[in-house]
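Take the two chains one at a time, then look at where they meet. The sequence and the structure come next.

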Amino acid sequence: MTFGIVVFPGSNCDADVAHVVGTVLGQPWRYVWHLETSLAGIDCVVLPGGFSYGDHLRPGAIARFSPIMESVARHAAAGGLTIGICNGFQVLVEAGLLPGALLRNEALEFRCGWVDMTVERADTPFTRMYRPGQVVRMPIAHGDGRYFVTDEPTDVVLRYVDNPNGSMGAVAGIANHRGNVFGLMPHPERCSELDLGGIDGLGIFRSIVRELAGAR
Amino acid sequence: MNVTTLLAPAILDMVALSIDEYRLIVERLGRTPTGVEIGMFGSMWSEHCGYKNSKPLLRLFPTQAPWVLQGPGENAGVVDIGDGLAIAMKMESHNHPSAVEPHEGAATGVGGIIRDIFTMGARPIAILDALRFGPLDSARNRYLFQGVVGGISAYGNCIGVPTVGGDISFAECYRGNPLVNVMAVGLLRHDDLIRATATGAGDVLILVGSDTGRDGIHGASGLASRELSAEREEQRPTVQVGNPFIEKLLIEACLELLRDGRHHIVGLQDLGAAGITSAVVEVAAKSGTGVEIDVAKVARRESGMSAYEVMLSESQERMLVIARAGHESVVRAIFDKWELHSDVIGLVTSDGIVCVRDGDVVECEVPAKLFAEAPTHRRQGVRPIVLDRLASFDPESLAPEPDLNAALATLLAHPDVASKRSVYRQYDHTVQTNTLVAPGDGDAAVLRIKGTRRAVALSTDCTSRYCQLDPRAGGAIAVAEACRNVASSGARPIAITDCLNFGNPEKLEIYYQLEEAISGMADACRALSVPVISGNVSLYNETDGTPIYPTPMVGALGLIDDADSRLTAGFRAEGHVVAVVGSAEASLGGSLYLAAIHGVVAGRLPHFDAQAEAALHAFLVAAAGERLLMSCHDLSDGGFAVALAESAIIGRIGCNCDVVASDRRPEAILFSEGQSRAVVSFEAAALPALRDLATRHGVPFQTIGAVGGKNIRVNSWIDIAVDSAHDTWAYALERAAADVESRP
């Protein structure tokens, strides 16, 4: 069971995810440089937060053309677990692996702080450690997190209690219909240790670990 | 621009050299300098690079301690924090660029200081910003404030370095001249420490990062904007435009180079003020070598650039790598991986000469020492006469405060005191997952050091009102306050960095302020055993001949051996005992109360005793280490009443307190800014141990009441609901910054 943490030029949260997966949870992981084309041996792909390609053009718009993204799409299509956090979520929607788009925050400013969210779906491989309807608290840190989709948002996994960015339907995180691809704006890796003010993010990583352990 | 055809006086004016300095150059060179050489001298002998006015005074600072691995003189100072780890830190100003173009000015300020940190081999782990603006009653100041905050946000967030703290205040003296001081902090292993030096002849100079353009020419010598913008259409603004994405790539590439390719390189030097010029001169001067570079090999952003422009460009996001001969392809391969352009632009030589060629044409041939040894000026400062008049002001000559609750509310709503949340929510302060005490929670930011039990505490501070009234005491208090913030987080202060913002030092009254403030800072550093490990000087902060208040900004670093003993400022629970540690005379001289409520910046400052300050720090660190305290908040702007109210507001719980009513007026007891004090809370069971500890440290310790209830109450003077105080405090800055309609 190995986590593959994709590193694009401009990724910022790759080391933070590696710290939680490797040091906090003791799980195997490796970085996957964006020019690589193989995900051999990787069970869960993590697209971490940051500013891939400096957010030039649009967040995620350039990263989605990185060579590794073809493999990520194949991995997802084959049912492999794929999670995009913050900029990783933006890359996933740009790549068409999740529906919708992430627009500039309603306040036209970057927002960093803690937000409360309700767990709308506790039946995905990423959220089984939560109770349905549970309120979880995680940090956000983004300028382009306003979720938008032309139809009603579906497969909403996390919903803000107090919408910090004007997201349609207060969407904080969504999954694809099959449930194996998950994107969220908050940073679970920043709240997986008590020292950092909360451990509500740990449930996501633990859910993945359990899912992968069960799959073997 | 063909400089050589211009007349000497015009050139001198453009590069900010005096006629005397020009004569000195001719004398030392034994010939007339070329145009390129004049430009390079102008930059290297500028105050910004050459510290002409400040160098003799900076020698007053204590810079040594057993834990100092690198003092002033390198790109950043470095101190040991144990476990084979070290912290690199430095503060730097970007005042004038931010006054011209606040967003880019502040953004490139962040970029510049971050490069100083990873140039030492350290991974940048924190940014702090010390900002000063004119009052928010003008649209211009609101624009500058929002632009600067937006620029810091855009740049800092993109490079993935958390902006964890800083301080912001507003005063009339900054109306035309805001201050943007950025402090950056990095973490490194001792083994990774690298300096900007060459080993000897044959080392290869590689320029990496952004292409070189016409931006920022004469940024260092400073007069350029006026001279350059008037008539010449090919000229560009002197404010550089930053690209944080390239910076992020440079951080990762340079740190990868140090990790995987350390033996291929001998030194790193960032390109800041005066661009390639200062980078190569500093390398050569420090190493006792020469350098030979060919500007034709420098990749350009635009065609037609002269050697002069290439040498003085301050294009951002560039680094100079000093590689071992024959190893350049390995080094460049790492940069290629990160999609960064690099070029070999020259070699280290043994003759001590800085030789600049443009293809076959020699444009400069000057001993590095000549560039590096700017003439220094030692002046006899003159004490401003106004100081005596200001000191003689007696706050008791004012009518007694009719409404103490209203006065407290006014202070809580003052932009200097009010919550800065509307600012720091624009900064990513949680990336890198080390932030244990975030902005708004404590007196200092506290970051854990992964893999150890340790944490570091960081703070910036300077109350320029004090420096205006008494530069020596004000300088000392700036050091004390920054270190007190750190100690109030449970950390032992171990080093400071500084950024000295003053007016024109050629005016003898300003020189007096500079000399006095530095002397006061140096005295406080000695008393508190904190060395100055790096710093920056920003002079000529004047608008239409009116100087800013002297503002020697101080950034303090503290060390916590066990991160679990960190302290925060908010009251924690009903029933905890509240006490004031330290004592000071109740005098309103220089206080925010006088400034905010009576519009007066005057009076004699309450006496500052550096030994009492040191004792307070030792007590707080010991009490935190023994887990005796539940909260700690130092007394600063607004004095005791504001500190108490903030602890209640942050904790969202009231307190019931009674202090000894002396013969002084209540407002003096409540709002005096006497130094070396803190408000603490703790469980009743800890009281005997705390009393004992206070006695041992010789620190006055007075219990004054208990945490609890919905109101903040002090004697019969203050009784205000926590919720209402919170709302006043929480939204005042945001409201003032957004207020476009109701004010002129």
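What share of the contacts in chain B with a separation of 6 or more is accounted for by residues 24 or more positions apart? The figure is 84%, where contact means heavy atoms within 4.5 Å. This is a predicted model, in which local features need pLDDT of at least 70 and side-chain atom pairs count only at pLDDT 80 or more, while totals for chains, interfaces and linings use all residues. Residues are numbered from 1 along each chain as its sequence is written, chains are lettered from A and ligands numbered from 1 in the order in which they are written, and side-chain values use heavy atoms, with hydrogens and water left out.

Stay with chain B. It holds 26 helices and 28 strands, which are DSSP runs numbered from the N terminus (helices H or I, at least four residues; strands E, at least two). The radius of gyration of chain B is 26 Å, close to the 27 Å that the globule rule gives for 744 residues, so chain B is as compact as a globular protein of that length. That radius is taken over C-alpha atoms, and the rule is 2.2 Å times the number of residues to the power 0.38. Along the principal axes, the C-alpha atoms of chain B fill a box of roughly 85 × 55 × 45 Å. Of the 744 residues in chain B, 65% are buried, meaning under 20% relative accessible area (1.4 Å probe, protein chains only).

Now chain A. Its secondary structure consists of four helices and eleven strands. The radius of gyration of chain A is 15 Å, close to the 17 Å from the globule rule for 216 residues, so chain A is as compact as a globular protein of that length. Its C-alpha atoms fill a box of roughly 40 × 35 × 35 Å along the principal axes. Buried residues are 62% of the 216 in chain A. Among contacts in chain A between residues at least 6 apart in sequence, 71% join residues at least 24 apart.

Last, the interface. The contact draws 30 residues from chain B and 24 residues from chain A. Together the chains bury about 2200 Å², with 56% of it on carbon and sulfur atoms. Buried area here is the accessible area (1.4 Å probe) that two parts lose on being put together, summed over both. In chain B, F245(B), R425(B) and T433(B) lose the most area to chain A, together 24% of what that side buries.

Key
Buried means under 20% relative accessible area, exposed over 50%, partly exposed in between (1.4 Å probe, protein chains only).
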